[in-house]
Number of protein chains: 2
Amino acid sequence: MRAKILTHVRCHLGDAKIAVETGVDGLDVVIGTSSHLREHSHGKDMEYIKNTAIEVIEFVKSKGKEIRFSSEDSFRSDLVDLLSLYAAVDKVGVDRVGIADTVGCASPRQVYDLVRTLRGVVSCDIETHFHNDSGCAIANAFCALEAGATHVDTSVLGIGERNGITPLGGLMARMIVADRDYVLSRYNIKKLKEVEDLVADLVEVNVPFNNYITGFCAFTHKAGIHAKAILNNPSTYEIIDPKDFGMSRYVHFASRLTGWNAIKSRAEQLDIKMSDAQYKECTAKIKAIADVRKIALDDTDSIIRTYYHNLHSEQEKPLLPGLTPEEAKKFAEVEKGLGGLKEQRELETAANAGAA
Amino acid sequence: MRAKILTHVRCHLGDAKIAVETGVDGLDVVIGTSSHLREHSHGKDMEYIKNTAIEVIEFVKSKGKEIRFSSEDSFRSDLVDLLSLYAAVDKVGVDRVGIADTVGCASPRQVYDLVRTLRGVVSCDIETHFHNDSGCAIANAFCALEAGATHVDTSVLGIGERNGITPLGGLMARMIVADRDYVLSRYNIKKLKEVEDLVADLVEVNVPFNNYITGFCAFTHKAGIHAKAILNNPSTYEIIDPKDFGMSRYVHFASRLTGWNAIKSRAEQLDIKMSDAQYKECTAKIKAIADVRKIALDDTDSIIRTYYHNLHSEQEKPLLPGLTPEEAKKFAEVEKGLGGLKEQRELETAANAGAA
């Protein structure tokens, strides 16, 4: 694995000495700079912080190690304090300064403004670290990059204190939308799912149903109006190509929201040809059955086949065998209501004709 | 429930007529305006869209219903087309215009700019709708509000097409950080967990481990450096007070990252008083055991109690009974390594003394 090992230590000469002895490639030195942390955590003032930072940085550099200096809780720190501290550590040759939204309070435009300002103050790299308490960890990372940050802290599935930090997969989703060629040339994103599954397994969590890219809903399409366009051209409703990540899309047919275009496409996959009016009626029947009981994809296939069979045979088969008497009764009632759908189709046709 | 019922229909006089007859309070009329959707979905040009929109709006208003007009895929639409369309519908008295990031491609600063511009063009309300494909649905909603939007579409747990839209809970997390008094005066946020559990149950998904506010990690603190400050003053590492949502925080003791301050606080809860040096040694022992096998909160309590007992008794008890011979051997090895920790503590004390 092409990776550097850095260790995270407090801004303390004692910690730094021990860390250097472990043989790591570099040190991430951190100290809280907000009044909250200065009062309730370490109890030091800004002058002490600046002097200790310089002492630690000079020591680490004298040992030939890489060093990043970061404030903690940067977004609740005094801006002038912060910039003067960063200017001082930049001057003594720190490799990278870090800003951290330790409590997850920062908003995207605030991040952009702070990083933009910092970019004008230091010449070293800028690392950023965002917690996700208020749901902006990905957006904040992206705004930081737009403003000139060079590094973003991520973790697999975003795992970290409280509800976590910027997730690797979510940031990839954001970045591939912004610049697909760059992402494909730099990252082996087809491995994302494997890495996430491995970590989820080790820490004993489930990958959330709505997880970026790899969650089971990420590329699932359900609404009829969407399904038609997706089948025509996926880019209409997909900004990310699932294939880039080694994933595939799933157009959900069996649902109240099923559109006849999805059923037509599925029927064609099953090599069943009908007229548009027949596809539409078949779709209405599927909707009616789905109103009565949960149906799976296989059920849809079998309904399409039976509907087609019934069109060409004198002996009518039940569309979905095995309905309970109660379900059959409910289905008959719902079927009766299909008149409304027909009327809607007529209105639609009229409207389309008017438009043409 | 104090709610209006609005129905979502295509920008079609036929659809609008049926919708009005259902007795809803209002209509959300939508049409795709990006070239992607104009080519691959409905196939209409902008002139047709504008004329149909005006026709539908005038019809719906003549029936005394509320009407919102929204473009779909607004962020991949031509800006001039979009603004001219919105200006036209605003002029005929639409109640609200909507912009929608249908594919989840928009970034926060882009949202801010578009909504800001739109705010100068129309005088009606502005509704916004953000999908979460690239992880910005909450951030985009927040930037839209900052830019003058009046409405944000949300759903419970963000459930919607693909990986969903702005989640209600996540937006509450973002908003309470921005303006706690406003959120507490407007929303009964103590109900959030109940609503989420209900919906998760109905649609058969698990609430993600890292869900905003209600996920089991949302208010869990683990790192030693954090635990100390959280016990001192929760606002050091929490931007959201879990109590506002009827939740509570959990400081995780049994972990490699346990700090002695957390153990001290826990011991005090258990009415066990020791010296700081003893708390530190007890903490080191807990870390050593946690290295050997997974321990739960109860285990930590029992280790603290046994450690305290051993201090005052000639007969030493094992800190964690029931270790396998292999675990016991490993624990003895790890315990031997605790010298390093002592050394670190001495360095720390020296550094602190130097600073004082």
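Predicted model: local features only at pLDDT ≥ 70, side-chain atom pairs only at ≥ 80, totals over all residues.
Residues are numbered from 1 along each chain as its sequence is written, chains are lettered from A in the order in which they are written, and side-chain values use heavy atoms, with hydrogens and water left out.

The size of an interface is often given as the accessible area lost when the parts come together. Between chain B and chain A the buried area (accessible area, with a 1.4 Å probe, that two parts lose on being put together, summed over both) is about 6,500 Å², and carbon and sulfur atoms give 57% of that area. Chain A and chain B each bring 76 residues to the contact, where contact means heavy atoms within 4.5 Å.

Across this interface there are two salt bridges, a salt bridge being a side-chain nitrogen of Lys or Arg within 4 Å of a carboxyl oxygen of Asp or Glu. In one salt bridge the side chain of B:Arg109 meets that of A:Glu146, at 3.1 Å from N to O.

Rolling a probe the size of a water molecule over the atoms shows where empty space is left. A cavity here is a set of points, on a 1 Å grid over the protein atoms alone, where a 1.4 Å probe fits but cannot get out, and its volume is the space filled by probe spheres set on the points, which are joined across faces, edges and corners. The structure holds four cavities of 30 Å³ or more, and the largest cavity has a volume of about 300 Å³. Among the 24 residues that line the largest cavity (an atom within 4 Å of a point), the closest to its centre are A:Asn132, A:Asn210, A:Tyr212, B:Asn210 and B:Tyr212.

Notes:
1 Å grid on protein atoms, 1.4 Å probe; cavity = no way out; pocket = protein on both sides within 12 Å on 5 of 7 lines; lining within 4 Å.
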